Amino acid sequence: MSTAGAGVRVSLLGPVEVIVAGSPQAVNGLRRRAILATLALHVGRVVSVDRLIDVVWGEHLPATSANTLQRHVSYLRGVLGEPGSIVARPPGYLLNTGPESTDVRAAEHLLELARRSSDRNERVRHLTAAVALWRGPPLADVAGSAWLEEQAEHLARLRLEAERALAEARLSVGEHARLIPGLARLVRQHPFDEHLHAQLMLALYRDGRQGEAVATYRRLRDALRDNLGIDPSPRLRDLECAILRQDSAIAAPAPAAPAPTSVAAQLPPPVPTFIGRAAELAALDALIDRGGAVVVSGTAGVGRQRLPCTGRTGRPSAFPTGSSTSTCAASTRAPPLPNRRERCTGSWRRWAFRPHGCRAIRS
């Protein structure tokens, strides 16, 4: 089935919001927002009429609920911009705006990409984009439905999972100093979360703030004892010990190696057979490591193009900074040799042939 509503985004990671072609569209009415949120959480799947009615009205079911639901769906189609954006399909309705048309699906996709990636910087990019999708408490303006409140709690846990993963990824690339303010905020929001406290302790220690790292541990220890009657986990106690003894195992990681850069490698294919010219080939191969400029010229058929593609000069590894070729017209006379001031430097080579005798010449 083809999807409708191209350019539509339904946002649930905050107040319920609809964006059509980059423009926000108002969704008026608590029940209408609740219907849209329920359909968006099941995007691409049918939600039964009974389920929608239960989510929207619960125990306070009006006699006209089915007709009222139809009117609300009609209104939402207008907001989304196309009649086919919400499809009536037994036993209910289906949001038909595409699998990536909700910010929830987008966040889940980015988190999955981060989990699969083996590149630390790429993980940071995916997780940063995922966390940025939250605009506040999820489903913030559809309170009153027990089922939607459960979904809001699930999405809040997903946000915390994403923020923990992002902090871990940023620690792995040496961003400990810039992490500290955000982690301190998260620790205040989740005062018993050992994972966040461990990340904050590690960031402070790597930033040269050993005393603050230990103080963070002791505040959590006291809070756990006073409020829950428990001690920190062995893992967190081990981290405190490692900080106290300045264990090298928790030092900041080495910077990630830069991505390899590509260089031009535009040499012609190697020549399968080449007969003769042993002296010239030896002379050309000897010039590779010396630099300078060499010219190859000669009449058609003398081998001026095939000679440079033979031996070491025909291999890209001989030119680590890049290589390219250019074919010039045949000449009936040898070109004048460049004087000393005109010589080239670097990885490029020009090859010179005398039309008679084909002697390799070094400039």
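Arg116 and Glu112 sit four residues apart in helix α4 (residues 103-116), a spacing of about one turn of the helix. In this predicted model, their side chains join in a salt bridge, with N and O 3.0 Å apart. The two partners can be told apart by their surroundings. Arg116 is exposed, because its relative accessibility is 64% and the cut-off for exposed is over 50%. Glu112, at 28% relative accessibility, counts as partly exposed. This pair also belongs to a network of salt bridges that links Glu112, Arg115, Arg116 and Glu161.

Helix α4 also has a packing partner. The helices α4 and α6 pack at an angle of about 30°, and their axes are 12 Å apart. The crossing of α4 past α6 is left-handed. On the α4 side, Val104, Glu108, Leu111 and Arg115 make the contact, while α6 contributes Leu155, Leu158, Glu161 and Ala162.

Is Arg170 buried or exposed? With a relative accessibility of 18%, Arg170 counts as buried, because the cut-off for buried is under 20%. Leaving aside residues up to four places away in sequence, Arg170 touches Val124, Glu175, Arg178 and Leu179. The C-alpha atoms of Arg170 and Arg123 are 8.8 Å apart in space, although 47 residues separate the two in sequence.

How many salt bridges does a search of the whole structure find? The search gives 15. One of them joins the side chains of Glu212 and Arg209, at 2.9 Å from N to O. Both partners are partly exposed: Glu212 has a relative accessibility of 39%, and Arg209 has 28%. Another salt bridge is formed by Glu240 and Arg218, whose closest N and O atoms are 3.7 Å apart. Here Glu240 belongs to helix α10 and Arg218 to helix α9, so the pair ties together parts that lie 22 residues apart in sequence. Glu240 is buried, with a relative accessible area of 11%, whereas Arg218 is partly exposed at 38%.

The loop between α9 (210-228) and α10 (234-244) holds Ile230. This residue is partly exposed, with a relative accessible area of 42%.

Most residues other than glycine have a negative phi, and most peptide bonds are trans. Where does Ala21 lie? Ala21 is in the loop between β2 (17-20) and β3 (23-25), and its phi is near 50°, a positive value in a residue other than glycine. At 71% relative accessibility, Ala21 counts as exposed. Its C-alpha atom is 9.7 Å from that of Gly81, a residue 60 positions away along the chain.

Leu139 is not a glycine either, yet its phi is positive, at about 50°. Leu139 is placed in the loop between α5 (120-131) and α6. The peptide bond from Pro90 to Pro91 is cis, with omega near 10°. Pro91 is in the loop between β5 (86-89) and β6 (92-95).

Stepping back, the whole protein can be described in a few numbers. Its secondary structure consists of eleven helices and six strands. Of its 363 residues, 42% count as buried. The protein exposes about 20,000 Å², and carbon and sulfur atoms supply 52% of this area. Among contacts with a separation of 6 or more, 68% are between residues 24 or more positions apart.

Terms used. Residues are numbered from 1 along each chain as its sequence is written. This is a predicted model: local features need pLDDT of at least 70, side-chain atom pairs count only at pLDDT 80 or more; totals for chains, interfaces and linings use all residues. Side-chain values use heavy atoms; hydrogens and water are left out. Helices (H or I, at least four residues) and strands (E, at least two) are DSSP runs, numbered from the N terminus. Buried means under 20% relative accessible area, exposed over 50%, partly exposed in between (1.4 Å probe, protein chains only). Contact means heavy atoms within 4.5 Å. A salt bridge is a side-chain nitrogen of Lys or Arg within 4 Å of a carboxyl oxygen of Asp or Glu. Axes are lines fitted to C-alpha atoms, for helices over the stretch in contact, and angles run from 0 to 180 degrees between N-to-C directions. A crossing is left-handed if the near helix is turned anticlockwise from the far one by less than a right angle, and right-handed if clockwise. Accessible areas come from the Shrake-Rupley method with a 1.4 Å probe; for residues, only the protein chains shown count as cover.
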